[in-house]
Amino acid sequence: MSLVITPNSRNALTVKDQLTMLALPGKKRTRILKTLGRFERAKARKRISKQSTVDGHKFAARADGRKAKMLKKMTRKLEPYVKSANRLELKHKSPQTGRVAAFQQEGGIEKYTAKQAKKRNGVPDYKGPCTRRQAKALARSGYRIRKGKGKRYRRATITEIMDNLTLGQAGLVLRTLRSTKAESSWDIQVSPRPFLGDTPDNVQTELAKLLSQTRG
């Protein structure tokens with residue numbers, strides 16, 4: 001995952017500032033672009049701290065409902081690189097981190113296995129109470145209990161399901177109602193969480209500010 005900024009491209013700078021930039025020695029242009037890169041990195045870090053996207057919206061929630069902060073390590077090894085004193089690329093030192101960052105930035109389908117779930121969450125206590133999430137899924141699937149002492153049945157409430165089924169029982173009943181088997185792997189839709197990027201206007205404003213400092 002990387003952010004590429006070329007000051008001489010359309011909308012990156014006004015014509016006047018483009019000429020000023022081109023007139024600078026290569027070392028000065030490199031220094032300005034690296035400073036811009038650090039500025040953009042700081043903005044990305046602030047977005048992750050606030051859990052917000054480039055457009056200011058909140059990050060999409062996790063698919064599993066957990067509330068822990070996301071992308072906390074995505075800017076640790078994000079570094080500005082300047083090529084030919086004329087092109088800034090803000091990218092991760094580690095290619096693997098860059099691939100993970102790109103996946104989070106753009107979203108997509110992630111393959112998740114039972115082995116990975118066990119490693120992250122540990123072995124579930126199947127004899128413990130079922131979760132509220134399971135109870136809701138059972139209620140939606142039409143799980144029923146006996147009505148009084150007769151032979152008639154009625155839909156069970158979420159509270160009744162949680163009070164009477166263990167985690168293992170709930171999983172088994174849910175699979176039976178859905179006519180499915182326990183899966184060894186499954187796909188998870190990961191929503192895009194764009195944390196790296198900027199508008200041409202913002203880039204132009206910051207570059208113009210840096211150029212004015214060199215003139216001063």
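This is a predicted model: local features need pLDDT of at least 70, side-chain atom pairs count only at pLDDT 80 or more; totals for chains, interfaces and linings use all residues.
Contact here means heavy atoms within 4.5 Å.

Two packed helices are described by the angle between their axes and the distance between the axes.

| Helix pair | Angle between axes | Axis distance |
|---|---|---|
| Helix 1 (residues 15-23) and helix 8 | about 55° | 11 Å |
| Helix 2 (residues 26-50) and helix 8 (residues 200-215) | about 135° | 10 Å |
| Helix 5 (residues 132-140) and helix 7 (residues 167-178) | about 30° | 10 Å |

**Helix 1 on helix 8**

Asp17, Thr20 and Met21 are what helix 1 brings to this contact, and on the helix 8 side they meet Ala208, Leu211 and Arg215. Sorted by type, the residues of the contact come out as three nonpolar, one polar and two charged. With an angle of about 55°, helix 1 and helix 8 are therefore oblique to each other. Their crossing is left-handed.

**Helix 2 on helix 8**

Helix 8 also packs against helix 2, at about 135° and with the axes 10 Å apart. That angle makes helix 2 oblique to helix 8. The crossing of helix 2 and helix 8 is right-handed. On the helix 2 side you'll find Ile32, Leu33, Thr35, Leu36, Phe39, Glu40 and Lys43, and they meet Asn202, Val203, Glu206, Leu207, Leu210, Leu211 and Thr214 of helix 8. The tally for the contact of helix 2 with helix 8 is eight nonpolar, three polar and three charged residues. Leu211 of helix 8 is worth a look on screen: it is listed in the contact with helix 2 and also in the contact with helix 1.

Where does Asp198 sit? It is in the loop between strand 7 (185-190) and helix 8. Leaving aside residues up to four places away in sequence, Asp198 touches Glu40, Lys43, Val54 and Val203. Among them, Glu40 and Lys43 of helix 2 and Val203 of helix 8 also belong to the contact between those two helices. Asp198 and Asp55 are 143 residues apart along the chain, yet their C-alpha atoms are separated by 8.9 Å.

**Helix 5 on helix 7**

For this pair the angle is about 30°, again with axes 10 Å apart, and that makes helix 5 roughly parallel to helix 7. Helix 5 passes helix 7 in a left-handed crossing. The contact residues of helix 5 with helix 7 split into seven nonpolar, two polar and one charged.

Key
Residues are numbered from 1 along each chain as its sequence is written. Side-chain values use heavy atoms; hydrogens and water are left out. Axes are lines fitted to C-alpha atoms, for helices over the stretch in contact, and angles run from 0 to 180 degrees between N-to-C directions. Helices (H or I, at least four residues) and strands (E, at least two) are DSSP runs, numbered from the N terminus. Angles under 35 degrees count as roughly parallel, over 145 as roughly antiparallel, 65 to 115 as roughly perpendicular and the rest as oblique. A crossing is left-handed if the near helix is turned anticlockwise from the far one by less than a right angle, and right-handed if clockwise. Ala, Val, Leu, Ile, Met, Phe, Trp, Tyr, Cys and Pro count as nonpolar, Asp, Glu, Lys and Arg as charged, and the others, Gly among them, as polar.
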